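Visitor: I have a structure open and would like to learn how to read a few of its features. Could you walk me through them?

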Amino acid sequence: MKYIVVLMAMAWVSQSASALSCLEIKRAIEGHYFHKGYLDLHIKYDKFSDALSKRTFDNFVERFDPGKLYLLKGDFDYLRKRYERKLDDQIMQSNCTALDAIVNRIAKGHAKIKAALPAIIKAEHDFTIDEKMQLNRKELSYAKTDKELRERWRKWIKFQLLRLKSATLGLDEARNKLTKRYQLEQQRFDELDDNDIKAAFLSSFANALDPHSDYFSMDELEDFQIRTRLSLEGIGAVLRSDEGFTIIQSLVPGGAADKSGLLRENDKIIAVAQAKGSAEDIIDMDLREVVKLIRGKRGTPVHLTVLRGSGKKIQELNVKIVREKIELKDQAVSAKVFELQTEVSGTQGKKFRVGVATLPSFYIDFEGRRQGQKDYTSSSRDLKQALQRLQGEKGGIDALVLDLRNNGGGSLDEAVAVSGLFIDKGVIVHDKLASGEPRAHHDTEAGVSFAGALVVLINRSSASGSEIVAGAIKDYRRGVIVGGSHTYGKGTVQSLTELKGVPGALKVTISKFYRPAGASTQKKGVAADIALPSFADDLEMGEKFLDNVLAWAAIKPQSKFKRANKVDRQKLAWLATRSKERVDSSEEFKQLLTKIAEFRKERETENSVSLQAKDDEQADNSSDKDSKDTTATAAKDKDGTGDTTEDEEAKDIIMHEALHIAADYAKLLAGKKPVKIVEIKELP
């Protein structure tokens with residue numbers, strides 16, 4: 001199960017709501033004359049089938065026992081046999097007894113573990129033994145016996161004691177902290193009411209439809225509304241909960257975490273501390289509770305303990321992030337020019353100018369547009385102005401790199417408008433509901449803002465709107481797509497429906513996106529024309545790795561479009577060959593490829609963490625003192641006076657190769673021979 005929350009706002013204000021009844025669950029699923037339900041709206045499913053029942057059952061059980069720490073295999077098998085293919089029949093008869101039966105069986109496991117935990121925590125754990133604990137809970141099976149389950153808990157407690165002991169004064173204090181933590185966790189479980197259980201079921205059902213459908217309780221609905229405001233406060237990160245771990249899914253461009261350089265995608269946050277408080281473990285904590293700990297007022301610090309890496313190189317880091325307000329301008333378009341010095345037969349040649357326009361998101365001031373303001377903020381307007389400036393400066397630009405890396409999307413209208421800056425009228429994207437014909441979204445504005453050599457830079461975090469732009473550029477043969485092997489692969493559209501007579505709202509996937517030529521961006525994303533080495537290609541990042549993902553598909557295009565034909569197979573093959581020659585001969589790329597190979601080997605051989613204590617020096621390095629050192633190093637890196645991280649190194653050499661490709665592409669379009677680039681300099 002994966003749940004996503006954006007950490008960008010202050011803590012929400014809880015709203016009271018009436019409790020969900022089993023009849024209201026049925027109405028939310030199948031619809032009612034007051035409102036439409038999931039099965040009325042969803043792009044694929046219109047019936048609560050046995051297959052959906054099975055996935056819903058798995059989701060519901062996993063929600064209450066994500067680490068397989070409370071149910072034995074016999075318990076799970078008993079519940080599965082009785083309910084996994086019968087939830088649909090029972091719920092459609094307004095019968096929710098199965099939900100209580102499942103939670104009650106898990107509650108018995110809680111009671112058993114509650115009695116055993118004090119002895120496990122107080123036991124003399126041998127931290128000199130180099131034993132391992134499986135981190136990937138999906139690969140774990142349920143324990144068959146109480147003895148096996150207790151051993152799993154022994155390792156789990158030892159892991160947490162080892163982590164706490166390295167950041168506290170001693171083992172006794174670590175034991176006290178852990179005892180309090182599990183008392184609090186048990187209290188949260190004991191306080192679950194009927195409404196919590198039914199809301200969890202609705203969410204489990206929605207997640208069984210696809211990974212982006214969900215149910216929002218009244219509290220969660222308000223939380224969602226907070227996240228959509230333009231003025232936001234917090235660390236600026238998108239989190240997901242997976243198998244009991246809180247994982248950083250992405251960093252918000254311009255946010256505190258992004259600017260600090262201390263956090264990375266796929267970092268696991270395992271503890272949170274406030275400015276003057278002690279660290280609170282968050283493993284297995286509900287994601288909304290984690291959000292409450294991390295959110296806070298602008299200018300206040302939050303300390304995060306994270307696990308980074310996999311295999312033998314799992315690191316534990318303590319980082320300090322100062323919460324701040326994320327202004328829209330921090331996520332706005334930025335543009336600069338790189339000057340490429342050429343060399344011909346050993347002699348200095350012409351200087352080549354390549355513009356780089358970075359677009360972090362497809363943003364728009366919806367309220368300003370609604371009010372008819374002439375100067376409302378929009379990404380397409382900002383990009384158009386940036387292109388005019390780049391071309392209007394002395395020397396202009398010979399080519400352009402449009403950087404869409406880490407752009408997770410935004411406004412559909414803006415994605416269409418941005419595409420139109422490079423395409424002279426025509427269909428940009430289709431969307432199609434479960435019923436009805438595909439609907440085409442067109443660029444209706446004549447002319448383009450830039451007609452020259454265009455390189456679109458992507459990575460695995462380029463999603464949604466970024467995929468619309470990249471797909472349109474590719475189908476129109478307007479430019480060259482460069483970067484990771486493919487984009488994220490989110491090609492679906494969600495609607496949010498507030499319910500009448502039922503507390504909360506339904507978030508439902510209602511349609512898919514299709515490129516101008518008819519291929520969906522769903523699951524497969526948009527493939528790069530020239531793929532460059534990337535760590536992300538070895539990570540489980542992207543739509544295809546999510547549970548219950550919708551399939552790729554294609555449609556017959558509803559609108560004809562005129563291709564620009566600025567690129568073809570022959571040109572791409574030539575550009576790719578030139579790029580490969582540079583990559584193969586580059587020491588920087590060789591080092592990156594070596595690191596990727598090592599990373600790949602480690603992931604294949606081991607996915608566990610050591611339960612052996614570090615020496616004193618290593619323990620000191622994971623203390624709060626190290627948090628200050630890490631922050632100082634990051635500040636040096638931003639000034640160019642310290643060592644850069646692997647990600648920063650990769651980012652630099654990927655951009656430099658994109659500049660080389662842009663220069664080659666411009667020469668190719670002009671019918672001139674390629675030149676050798678000997679120096680790249682960013683102009684002020």
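Guide: Let's start with a helix and its surroundings. The cover over the buried residues of α16 includes β14, α15, β15 (426–433), β17, β18 (480–483) and β20 (505–514). Cover here is contact, meaning heavy atoms within 4.5 Å. Helices (H or I, at least four residues) and strands (E, at least two) are DSSP runs, numbered from the N terminus. Keep in mind that this is a predicted model: local features need pLDDT of at least 70, side-chain atom pairs count only at pLDDT 80 or more, and totals for chains, interfaces and linings use all residues. Residues are numbered from 1 along each chain as its sequence is written, and side-chain values use heavy atoms, with hydrogens and water left out.

Visitor: How many of the 11 residues of α16 are buried?

Guide: Buried means under 20% relative accessible area, exposed over 50%, and partly exposed in between (1.4 Å probe, protein chains only). In helix α16 (residues 465–475), 10 of the 11 residues are buried, so the helix is largely enclosed by the rest of the structure. Among them are Glu467, Ile468, Val469 and Asp475.

Visitor: In what order do the seven strands of the open sheet run?

Guide: Strands of a sheet pair through backbone hydrogen bonds, either parallel or antiparallel. Two strands count as paired if DSSP finds at least two bridges between them. Here the order is β21-β18-β17-β14-β13-β12-β23, with mixed pairing. The edge strands, β21 and β23 (676–682), each pair on one side only. For a parallel example, look at β14 and β17 (residues 453–458), joined by five bridges; Leu400 stands opposite Leu454 in β17.

Visitor: What span should the 17 residues of α17 have?

Guide: The expected span of a helix is 1.5 Å times one less than its number of residues. For α17 that gives 24 Å, and its end C-alpha atoms are 24 Å apart, which agrees. The buried residues of α17 are Leu572, Leu575, Ser579, Arg582 and Val583. Seen down the axis, they fall within an arc of 95°, so they line one face of the helix. That arc is taken over the directions from the helix axis to the C-beta atoms. On the other side of α17, Arg569, Gln570, Lys580 and Ser585 are exposed.

Visitor: Last one: which cysteines form a disulfide?

Guide: A disulfide is a pair of cysteine sulfur atoms within 2.5 Å. A search of the whole structure finds one: Cys22 and Cys96, with sulfur atoms 2.0 Å apart. The pair links distant parts of the chain, 74 residues apart, with Cys22 in helix α1 (residues 22–30) and Cys96 in the loop between α5 (87–91) and α6 (97–122). The link is right-handed, with 90° about the S-S bond, and both Cys22 and Cys96 are buried.
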